[in-house]
Amino acid sequence: MDTFALVLTVGVALGFTYTNGFHDSANAIATSVSTRALTPRAALAMAAVMNLAGAFLGGGVAKTVSEGIIETPSGEHGMWILFSALVGAITWNLITWYFGLPSSSSHALFGGMVGAALAGGIGVIWHGVVEKVVIPMIVSPVVGLLAGYLVMTSILWLFRRSNPHRTQRGFRIAQTVSAAAMALGHGLQDAAKTMGIVVMALTIAGHQDDSSIPLWVKFACAIMLSLGTYAGGWRIMRTLGRRIIELQPPQGFAAETTAASIMYAASYGFSAPISTTHVITSAIMGAGATKRVKAVRWGVAKNIITGWFITMPAAAVVAAVVYWVVHLAFE
């Protein structure tokens with residue numbers, strides 16, 4: 001096995017984690033910043049620390065990524081397939097970041113894996129893609145929308161006789177906790193996805209023969225995700241925090257609490273790699289709809305949802321093209 005191919009692939013995987021961090025930092029903190037519960041830099045620092053902690057809390061999602069999406073390829077050929085998958089995912093992350101579109105880094109990665117595998121003649125575990133990627137991709141936003149609406153409705157009922165100014169102040173404080181929970185869930189989900197890719201690379205290179213995650217891999221992925229998060233994704237933050245709906249602290253708290261709960265349930269209950277972008281965006285829509293349905297800017301929401309559906313095929317096409325270029329250049 002060419003050591004260069006292994007080192008390059010692991011390096012690109014960590015680069016993907018960095019782009020994942022700044023692309024998805026808005027998921028954890030956009031609502032807190034837009035409601036002025038936290039200053040942007042304080043929110044980013046908190047999110048970076050909680051992302052770092054979340055990366056060490058579970059490995060079920062990493063196992064799903066390393067064993068449940070595509071068949072483990074072999075040899076240098078297999079390493080270039082992983083490399084191409086990661087480049088496809090990074091490319092889509094950068095495109096959607098540039099346009100301020102909160103698409104899913106997770107589904108960009110899965111699309112890249114599928115596209116590179118098909119181009120490289122490696123089997124795709126289609127039942128795993130359906131069960132662990134497609135179904136959660138459809139179900140989690142619906143759950144987020146409904147749960148966000150119900151949680152916010154409950155808050156409105158419980159605090160219906162409270163002093164409005166005191167309630168707003170209290171929920172600004174509560175949002176610090178809910179944003180931290182959201183960032184912890186982001187680390188739990190998204191760092192694990194890159195860990196799964198690095199484990200695949202180490203398996204292909206013959207450095208390990210099981211799905212266990214070496215400690216250095218956990219540290220490397222956690223640190224890169226945290227650094228990317230602290231770098232911040234301001235374009236996407238504006239979309240989530242302001243363009244969908246003008247949020248108030250109670251709505252921000254409801255959306256963050258809903259999204260964090262869904263991420264924990266998916267990670268620990270199903271080992272399902274869901275999109276943090278999908279759940280927080282849909283939870284914001286659900287919580288915001290309690291004002292009135294027209295308060296949500298559904299035109300913006302439609303553009304975001306359209307982006308969700310094209311993410312996997314777009315990343316797959318880019319990854320396939322990258323694989324063909326690499327194949328001509330190195331194999």
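Apart from its neighbours within four places in sequence, glutamine 208 makes contact with Val199, Leu202, Thr203 and Pro214. Glutamine 208 lies in the loop that joins H7 to H8, and it counts as buried because its relative accessibility is 14%, under the 20% limit. The model discussed here is a predicted one.

**Overall architecture**

- The secondary structure of the protein consists of 12 helices and zero strands.
- Followed along the sequence, the pattern reads α-α-α-α-α-α-α-α-α-α-α-α.
- Of the 331 residues in the protein, 58% count as buried.
- Among contacts with a separation of 6 or more, 87% involve residues 24 or more positions apart.

**Helix H7**

- Helix H7 covers residues 164-204.
- The 41 residues of H7 should span 60 Å at 1.5 Å a residue, and the distance of 59 Å between its end C-alpha atoms agrees with this.
- H7 contains a kink of about 30°, and the kink is centred on alanine 174.
- H7 is mostly covered, since 29 of its 41 residues are buried.

- Valine 198 belongs to helix H7, and its relative accessible area of 2% is under 20%, so valine 198 is buried.
- Not counting residues up to four places away in sequence, valine 198 touches Val10, Ala13, Trp216, Val217 and Cys221.
- Valine 198 and leucine 6 are separated by 192 residues in sequence, while their C-alpha atoms are 9.3 Å apart in space.
- Leucine 202 is also part of helix H7, and at 7% relative accessibility it counts as buried.
- Beyond its neighbours within four places in sequence, leucine 202 is in contact with Leu6, His207, Gln208, Pro214, Trp216 and Val217.
- The C-alpha atoms of leucine 202 and valine 7 are 9.9 Å apart, although 195 residues separate the two along the chain.

**The loop between H7 and H8**

- The loop that holds serine 212 runs between H7 and helix H8, the latter comprising residues 215-231.
- Serine 212 has a relative accessible area of 40%, which lies between the limits of 20% and 50% and therefore makes it partly exposed.
- Serine 212 and glycine 59 are 153 residues apart along the chain, and their C-alpha atoms are separated by 8.4 Å.
- Glutamine 208 is found in the loop between H7 and H8 as well, but it counts as buried.

**The contact of H6 with H10**

- Helix H6 (residues 126-158) and helix H10 (residues 249-270) have axes that come within 9 Å and cross at roughly 140°.
- The crossing of H6 past H10 is right-handed.
- On the H6 side, the residues that meet H10 are Lys132, Ser140, Val143, Gly144, Ala147, Gly148, Val151, Met152 and Ile155.
- On the H10 side, the residues that meet H6 are Pro250, Gln251, Phe253, Ala254, Thr258, Ile262 and Phe270.
- By class, the residues of this contact comprise 10 nonpolar, five polar and one charged.

**Helix H10 and serine 271**

- The 22 residues of H10 should span 32 Å at 1.5 Å a residue, and the end C-alpha atoms, 31 Å apart, agree with that value.
- Just after H10, serine 271 adopts a positive phi of about 50°.
- Most residues other than glycine have a negative phi.
- Serine 271 has its positive phi although it is not a glycine.
- Serine 271 sits in the loop between H10 and helix H11, which spans 276-288.
- Serine 271 is partly exposed because its relative accessible area is 22%, and the limit for buried is under 20%.

Conventions: Residues are numbered from 1 along each chain as its sequence is written. This is a predicted model: local features need pLDDT of at least 70, side-chain atom pairs count only at pLDDT 80 or more; totals for chains, interfaces and linings use all residues. Side-chain values use heavy atoms; hydrogens and water are left out. Helices (H or I, at least four residues) and strands (E, at least two) are DSSP runs, numbered from the N terminus. Buried means under 20% relative accessible area, exposed over 50%, partly exposed in between (1.4 Å probe, protein chains only). Contact means heavy atoms within 4.5 Å. Axes are lines fitted to C-alpha atoms, for helices over the stretch in contact, and angles run from 0 to 180 degrees between N-to-C directions. A crossing is left-handed if the near helix is turned anticlockwise from the far one by less than a right angle, and right-handed if clockwise. Ala, Val, Leu, Ile, Met, Phe, Trp, Tyr, Cys and Pro count as nonpolar, Asp, Glu, Lys and Arg as charged, and the others, Gly among them, as polar. The expected span of a helix is 1.5 Å times one less than its number of residues. The bend at a residue is the angle between axes fitted to the seven residues ending there and the seven starting there.
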